[in-house]
Amino acid sequence: MIVLTSKQMREVEKIAIEKIGIPSISLMENAGRETALEVKKILNERNLNSVIVISGKGNNGGDGYVVARNLYNWGIDVKVFLTTSLGAISGDAKVNLDAIINMGIYVAEITQREHLKFLEKTIKDSDVIVDAIYGIGLKGEISGITKEIIEMINQANKIVVSVDIPSGLNADTGKVEGCAVKATKTVTMQFLKPGLLIYPGADYAGEIRVAEIGIPYRLAAEVGYNYNLVTSEDVKLPKRHGNTHKGDYGKVLMIAGSKNMTGAAYLCAKSAIKAGCGLVKLAVPQSVQSVIQGGLYEIITYGLDEKNGILSYDALSSVLKLIEESDAIAIGPGLTHDRDISQLIYDIVKNTDKPIVLDADALNALVGRLEVIEGKKVILTPHYGEMSRLTSLAIDEIKNNLFEVAKTFIDRYKVTLVLKGSKTVITTKEGSIYINNTGNPGMATAGSGDVLTGMIAAFLAQGFSEEKAAIYGVFYHGKAGDIAKEYVGEYGMTAMDILENIPEALKCCL
């Protein structure tokens, strides 16, 4: 699903108005009416009838006036409050403001603190609040009376519908600019905005509905959009034909595990076979091979040279031989971190052109030596802590600038990045960004990342590109977690619960 930044959205609107000839006031009319229809639906479902519209100075406020006019025409009790003076309204917004004044709809300014008590009383007496204060063009932090109004909205415990984006959210980063409206529902216009899809913005947006307002979808391509929300339509699995064998579905090699972390190797290998890989081979330290093999009946295991239960550099030649016989490789889960492991991983990556998934200890091994991945068929799957070590950026800096950090990294190394988090972001080597929309808090559990690594590697082995393998792996990993949630809830979910529901998740999009 297409996602546009605030700049791209303004460009699309400009093309629609200036080149195609769609009147700007028509776009405002459509935006306001679509929002009004959502409000009316809420009122009807709950047998409610009173609405307060709080509008700002710009076109978002103009959308609010259209909402009020439509609700009034449908017999709904509606009042409008402005966070600015009547004289400050201009353009299409003023046309719609004049219309509601001429219709007799109640309109009042809230520009001084003494006005706040009356607003508070009106909010208390209303059923639904429509937030049309700020749109996607917000610059800087909110302060003063407007901040107090937003805090009042949030404390009122009312149903809140935001027009386009909750006021106070940065449309591109999801950052709260001082304060932000916490919406029950957001009606966003024509295209999704990045800030609605990642945290903290996702916490403020509530339920999101994308409303068509008459802008042709093809215009998104003209402005060169590169953000996408991953949906089930994007991850349709190819139909398997009858005359096939396991070799047709790929051979993957997992390099994982150590004496204290056999579970990571198990989860990674088992997930790959569950995700449809034809043949999975698992290379582990010699001393743990028998332990792991006992629970992996479908997996071929290899015990390699080790030191004290950890793979040694002497295993390199054996690993490279196994790689020659494989279609894809996954390295990292449970390997632990020491000098031998670091050099082993570095030389494996350096000496192969096969597609590789690097996770966990494989990422730590390459800190400060990332030049080895440059331009290769590599998928990195760091969480925020690992990304911090790879980039030397603070975790908060990464969280607050997810897209910028991801794009800067990709521009430098030209690989595929899966930046894991509550909303996992996949960035391709071409710079396209995909935001995942499956998964739940129950998946924040030990071993969940090992399952994801196995799934991505499985898709690589089956012939998917690095981009598609990452997108499919992340989507179905989250989907398996969502199915697991139905049975075990969020508190008790384990990585095994996710793993066992991979086949059910894959059935969803066949």
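Let's start with strand 5 (residues 128–132), which is mostly covered: five of its five residues are buried. Buried here means under 20% relative accessible area, with a 1.4 Å probe and protein chains only. Strands are DSSP runs of E with at least two residues, helices are runs of H or I with at least four, and both are numbered from the N terminus.

This is a predicted model, where local features need pLDDT of at least 70, side-chain atom pairs count only at pLDDT 80 or more, and totals for chains, interfaces and linings use all residues. Residues are numbered from 1 along each chain as its sequence is written, and side-chain values use heavy atoms, leaving out hydrogens and water.

Which residues of strand 5 point which way? Val128, Val130 and Ala132 go one way, while Ile129 and Asp131 go the other. In a regular strand the side chains alternate between the two faces of the sheet.

| Partner of strand 5 | Bridges |
|---|---|
| strand 2 (residues 50–55) | five |
| strand 6 (residues 159–163) | four |

Valine 53 has valine 130 as its bridge partner, and valine 128 stands opposite isoleucine 159. Strand 5, helix 6 (residues 144–155) and strand 6 also make a right-handed β-α-β unit: with the strands pointing away from you, the path from the first strand over the helix to the second runs clockwise.

Elsewhere, the largest nonpolar core has 56 residues. Such a core is a set of buried Ala, Val, Leu, Ile, Met, Phe, Trp, Tyr and Cys residues joined through side-chain atoms within 4.5 Å. Helix 18 gives the most to this core, with ten residues.

Technical notes:
Buried means under 20% relative accessible area, exposed over 50%, partly exposed in between (1.4 Å probe, protein chains only). Two strands pair if DSSP finds at least two bridges between them.
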